[in-house]
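Let's take a walk through this structure together. We'll begin with a sheet and end at a ligand.

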Amino acid sequence: MRYISTRGGIAPISFKDAVMMGLASDGGLLLPQTYPTVTRQQLESWRQLTYPELAYEVISRYVDDISADDLKNIISRSYATFSHADVTPLIKQDGVYILELFHGVTLAFKDVALQFLGNLFEHILAERNQTLNIIGATSGDTGSAAIHGVRGKKGITIFILHPHGKTSAVQALQMTSVTDANVHNIAVRGTFDDCQDMVKELFGDLEFKEKYSLGAVNSINWARVLAQVVYYFYAWLRVTDGGEQTVSFSVPTGNFGDIFAGYVARRMGLPIDKLLLATNENNILTRFITAADYSLGTVVSTVSPSMDIQIASNFERYLFHLFGENPERVKGAFAELKEQGRISCSAEEMVTVQNDFCSASVNQEATLEEIRDFYAETGYLLDPHTAVGVRGARQLLPEDTARVCLATAHPAKFSETVERALGFPAPVPDSVRELYGKATRCDVMDADIEKVRAFFVSHVG
Ligand SMILES: *Cc1c(COP(=O)(O)O)cnc(C)c1O
């Protein structure tokens, strides 16, 4: 299996090179040249598999440069850190299925991908006798999942910048309580944008980037999408075990990574009926799918902050397929976006889009109401991101089909919002309570690029 760029500017590369490249060197995103297909018969033969065994079956179809034993080992170590025996258990509640993706160490679905990516990095670096310095900015979720993905790993040092005092207490502790020697938390006296600007500046200095083997952990790494494809298969198998015939998914969406994994699963032959893309008020993707309107707005803060995104980085992967795998058309679309603030599509293309996805935008009031209603009906607590998807599913997905809603975070991670909706906070899991007694390590710094650079240089691996 070889990987190509959506911008057409690189010769096909191997899986391991795609993992290490992250963003394609021509500025595009990497995709496999073809999608391996799974027959109905194969699918049936996977019913008895455990999550890690199923993950191996799905992932190995994209990887031909890591031995079967090594890949199995990487996968089993990645999912052994999950606190539930099923890794991503599926629960039926009042006519919808909840796919709980939050049993990893940081209680959000990003662990599913970043535990795997951390182990992959370590494996490839050891084999190549290389080191990697990861640097990233976070408003909360991605940073903590990335830190836990690479803590203690040989050959990797990670630097995560977060805005001092502007993440939730739990999010900050999930980062700063990791005191491994290869983890550096930098709390910046400033905003998330300050953090991101400084990281961009460091990456923009190509000499610096090369000299220190800088790497990123944003959601554009192909291995992250690949790890997420697995749970669509897992959920489909569990739902149909129970005799359901038609299965649809509702996915609360920010960067389009999670829903793109569902699209890939379907292209591999998984019989997914509807793929619902649920957004909050930052609804550019909903406007596009329902009304062909892909025009940039400004980001608004909502109660589902991990979806407060205007430019969804993984969307380019879908556009590449929509535009007939034509890199020139992709480049044209992004030039149009830069010049005119929008991307336009033909009527024919919009027919394809609406066959591929349906979409709903759920505002804050409706999100809070869904947390309340769902709790009243079932006694089950939804986090606000999951609530966006559940609300969308109840609005748009037919009741006579199995509606699987991806639960992307544990409610305790967004307890303030749960309390706002219900009048009481989400019960605190032991893993969160234990955070408060732990030793922490963090360097507080002004939003000054030279100070950050000097800190980095004196702490690189
Ligand atoms: C990151 C995140 C999302 C959005 O996922 P994308 O892959 O960016 O679409 C949704 N919910 C939670 C809790 C997240 O952390």
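Helices (H or I, at least four residues) and strands (E, at least two) are DSSP runs, numbered from the N terminus, and two strands pair if DSSP finds at least two bridges between them. What you're looking at is a predicted model, where local features need pLDDT of at least 70, side-chain atom pairs count only at pLDDT 80 or more, and totals for chains, interfaces and linings use all residues. Residues are numbered from 1 along each chain as its sequence is written, and side-chain values use heavy atoms, with hydrogens and water left out.

Start with the open sheet: its 5 strands pair in parallel, in the order E8-E5-E6-E7-E15. Strands E8 (214-215) and E15 (443-446) sit at the edges, each pairing on one side only. Further in, E6 (residues 156-163) and E7 (residues 183-189) run parallel and are joined by 6 bridges. Look for Pro 163, whose bridge partner in E7 is Val 188.

Now for a helix on that sheet. Helix H8 (residues 192-204) packs there, touching E5, E6, E7 and E8; touching means contact, with heavy atoms within 4.5 Å.

Next, the ligand. It is surrounded by 15 residues, and Lys 110, Asp 141, Gly 254, Asn 255 and Thr 408 are the closest; a residue counts as near if one of its heavy atoms lies within 4 Å. Backbone N or O atoms also come up to oxygen atoms of the ligand: one from Asn 255 lies 2.7 Å away, and one from Phe 256 lies 3.3 Å away.

Note on methods: Axes fitted to C-alpha atoms, helices over the stretch in contact; angles between N-to-C directions. Polar contact = N/O pair within 3.5 Å; in protein donor to acceptor, adjacent residues only side chain to side chain.
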